[in-house]
There are 2 protein chains.
Amino acid sequence: MVTIAKIAQELGVSTSTVSKALNGYSEISEKTRSKIMNLATEMGYTPNATAQSLVRKRADTVGVVYEVEYGLKNLFFSSVLEAFRRNVQGRGYDILFLSDNGTSQNYLKHCISKNVDAVLVISTGTSVESVRKLINSDLALMMFDPWYQSKNTIYTDSYNAIKKSCKYLYDLGHRKIAFLNGSYSNFIGRERLKGYLDFIKEKNLEPYYIKNHSNESYSYDEGYKTMKNLFETYGLPDAVCTVSDLMAIGALHYLQNHGYHVPDDVSIIGFDDLSICDISTPKLTTMKQDIEAIGKQACDALIDMLVQGHRTVKPIIVDATIVVRDSCKKKSNH
Amino acid sequence: MVTIAKIAQELGVSTSTVSKALNGYSEISEKTRSKIMNLATEMGYTPNATAQSLVRKRADTVGVVYEVEYGLKNLFFSSVLEAFRRNVQGRGYDILFLSDNGTSQNYLKHCISKNVDAVLVISTGTSVESVRKLINSDLALMMFDPWYQSKNTIYTDSYNAIKKSCKYLYDLGHRKIAFLNGSYSNFIGRERLKGYLDFIKEKNLEPYYIKNHSNESYSYDEGYKTMKNLFETYGLPDAVCTVSDLMAIGALHYLQNHGYHVPDDVSIIGFDDLSICDISTPKLTTMKQDIEAIGKQACDALIDMLVQGHRTVKPIIVDATIVVRDSCKKKSNH
C-alpha cells in the first residue's frame, strides 16, 4: 500500500509536508504541492477515508433507519430505499444500514461512533424513542412517512390521494365505496382514513369500513382478511378503495375466491404502484406514490443541510397520481 | 460529548493512560483500568469507531457489491441481501453499500479507504474487472451466484435443481417439457441449461428451448417473450420448466392471454420461491432456493475468515427443494 511516508521518502521531504499538501493546507508552495500530488497519483496513493474523516469530521456516509416488516422483501419500502440509494450514491455518498437489533438499539450513539453525517429514517418499528433522540440531535435528518407530525418529514399527500381514488370510483358511477384501512395509530394511516371519510361526507354517501381493526403491515393477508370482514359485515360493495397494492390484491383474491369478478362485479383501486400491479390478474389500477421524487427530494434535502449547515426544513409533501390499468370499470347498472 | 480528555481530567490522570486503559493495553494496572472503565460507562462515553478502527484496523463493516437491474426492487437479489443483512447485523456488523457508479468504480480502493473488512458480492454488472481485483486482494470475500467458477463462491445447486424440476414434471406424465432459459454467458445460467439437457437426454426426450437468445434479467418480460418464441417455434408444450418465478409468471400470462389454462392445458414450474408465487393466479409451484441458508452461510463464512485469518473456502453449494402450489398437474390424456 502506498503511504504518505513512502511519498515523502521518494521526494526527500517530511511526511507532514506531504500530508499538508494532500490536505490542501496553504502553507505549502504550489510547486511542492503539484510535485507531491503528481507523484501520489502516479504511485496510486489512496487517501484513507477513515483517517480523513477524523480530520474533516465527515465520512461521506448517510445512515438509513430501516425497521420494516419483511425487511428488504417489503416491496414498498425497498423501492423507496432504492430511489434514495441511487440519488445518494450519485452524489458520492455511501449508504450504511444502521443495525436494528431490537429495542436496545441506540441509533444516535451508532451514528456518532460511525461518523455518519446524515440519516434517512425510512421506517421505525419498536425503536421510536431511539429515533426521537436522532431527531432531537444535530444530525441532518429526514423522516419518510412519519408516525406523527414532526420536523423534516417527507411523504405523499395521502389525504388528497385517497380523495382522488374515491373520486375516480365515484366518477365511474360507484356509490357503495368501501375502504380497506391501514394503520389507525400513525399519521399517514389516519390521513388516509380522513381522506376517505371526508369524501364520503362531501358526497353524502354511507361509509363502509372496519372501525375497530387497525392494519399495520399493509400486507396481502391484511387485505384478504379485511375484505372478508367488510363483505361479511356489509355485503358486496360497488368498489373498494385501498391503502396499498398488496392489500388490494389480497381483497381481489378474496372476491375471486368467492365467485365475484373484478372489475365486472366490483372495482378495486390500489395504492403505491409497485411492480406487482402488472403481475396481478386483472392488472391493478392504482394511486401511484412518486417514489422517484421522494428518493430524490429526501437526498437533496439532506445534502443541502450538510452543505448549508441548517437542520430544519419544511415538510416535503409529494403528489400522487392515478395509473389506470384493468381493475376498475364503469358501474354497469347505473 | 464525553471525550477521553474529560475522563482523564476527572480522574487526574493523563489522556494516554485513559486511552490505553480503554484500548486494553497491558501496561495499565487492573485497579486503574477498572476505575477508568467505570467512570467512562457512568459518563456515557462513546468510543469513536472511526478512531478505534484506525487502531484496530477494522470497522465492523461488511461491504456489499450489489449491481442489480432494478436494484432493491429486484425481488430475488433483495431477498438474498435481506437474509445476509439480518445475519450480519445479528453478529454486530454494519452493512455498507459500495457505490456502483458505473465502470470507473474501483471497489478495492473504496474498501480500503472505508476500512471495510469483508465483502459479499451479490451480483456484478459491468464492473467485472473491479470485482476481480477484490477477489485477488486479501479482503475476506464471498461471491454469490458467480459468473464463473472462482474461489469463495456460494450458490444453489442449479444443475440438480433443474433436473429435479424436470423430474417432477416428468413424473406427472409430461413428456413435451420446454425450458425457459436464463443467461448463456454465466456459470449459473449454463448449469441450469446443462441440467435440463442432461435430463432430456437421460429420458430420451426431445429438447424444446430457444438456443440463440440468452436471457440476462430473469424478468417477467423475458419470460413472456421467450414463451411466445417457444410457442411459435414448437407449439404448445405439456409443461414448462423455468429458471425464475418472474419468468414463469410471464410465461403463464402469455399462455392465458392466448386462451390456454394453467395447469389444465400446460403445467408451469418456477424457480426461486419469491413471495409473488402466492400472488399469481394460479399460485405458482416452484423450485425453492434456500435464501435463508445462503444468507446465513455467506455471513458465517466471512466472519470465520475474519476471525481465523484464512482467505479461501471451498464452494458452498446449497440444495433446492420443490414447493408445490397450483400451477402443475398430472397430464390428463396420458
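1. How many bridges join β3(B) to β4(B)? There are 4, and the two strands run parallel. Strands here are DSSP runs of E with at least two residues, helices are runs of H or I with at least four residues, and both are numbered from the N terminus. Two strands are taken to pair if DSSP finds at least two bridges between them.

2. Basis of the note. This is a predicted model, in which local features need pLDDT of at least 70 and side-chain atom pairs count only at pLDDT 80 or more, while totals for chains, interfaces and linings use all residues. Residues are numbered from 1 along each chain as its sequence is written, chains are lettered from A and ligands numbered from 1 in the order in which they are written, and side-chain values use heavy atoms, with hydrogens and water left out.

3. Domains of chain A. Chain A is divided into domain 1 (4-47), domain 2 (61-156 + 291-318) and domain 3 (158-288); such bounds come from an automatic or database domain assignment. The centres of domain 1 and domain 2 of chain A, taken over C-alpha atoms, are separated by 38 Å.

4. The sheet of 12 strands. Strands of chains A and B form an open sheet of mixed pairing, in the order β10(A)-β5(A)-β4(A)-β3(A)-β1(A)-β2(A)-β2(B)-β1(B)-β3(B)-β4(B)-β5(B)-β10(B). At the edges stand β10 (316-318) of chain A and β10 (316-318) of chain B; each has a single partner strand, so one side of each is left without a neighbour in the sheet. Neighbouring strands of this sheet are turned by 20 degrees against each other on average, direction ignored. Axes are lines fitted to C-alpha atoms, for helices over the stretch in contact, and angles between N-to-C directions run from 0 to 180 degrees.

5. Strand β3(B) and its partners. β3(B) is mostly covered, with 6 of its 6 residues buried; buried means under 20% relative accessible area, exposed over 50%, and partly exposed in between (1.4 Å probe, protein chains only). On one side, 5 bridges join β1(B) to β3(B) in parallel, and Val62(B) has Ala118(B) as its bridge partner. Towards β4(B), Val119(B) stands opposite Leu141(B). Together with helix α7 (residues 128-135) of chain B, β3(B) and β4(B) make a right-handed β-α-β unit. Right-handed describes a path from the first strand over the helix to the second that runs clockwise when the strands point away from the viewer.

6. Helix α12 (residues 291-308) of chain B lies across β1 (61-66), β3 (118-123), β4 (140-144), β5 and β10 of chain B, running at about 160 degrees to β4(B).

7. Helix α7 of chain A. Ser130(A), Val131(A), Leu134(A) and Ile135(A) are buried in α7 (residues 128-135) of chain A. These residues cover an arc of only 145 degrees around the axis, which puts them on the same side of α7(A); the arc is that of the directions from the helix axis to the C-beta atoms. The buried residues pack against β1 (61-66), α6 (107-113), β3 (118-123) and β4 (140-144) of chain A, contact meaning heavy atoms within 4.5 Å.

8. The sheet of 5 strands. In chain B, an open sheet with mixed pairing has the order β6-β7-β8-β9-β11. β6 (177-180) and β11 (320-323) of chain B stand at its edges, each with a single partner strand, so one side of each lacks a neighbour in the sheet. The twist averages 20 degrees from one strand to the next. Strands β7 (residues 239-242) and β8 (residues 267-272) of chain B run parallel and are joined by 3 bridges, with Ala239(B) opposite Ser267(B). Helix α10 (residues 220-234) of chain B packs on this sheet, touching β6 and β7 of chain B, and its direction makes about 140 degrees with that of β6(B).

9. Backbone points to inspect. Most residues other than glycine have a negative phi, and most peptide bonds are trans. The bond from Thr281(A) to Pro282(A) is cis, with omega near -5 degrees, and Pro282(A) is in the loop between β8 (267-272) and β9 (286-289) of chain A. Asn115(A) has a positive phi near 55 degrees and is buried, with a relative accessible area of 13%. Asp272(A), in strand β8 of chain A, has a positive phi of about 125 degrees and is buried at 5% relative accessibility.
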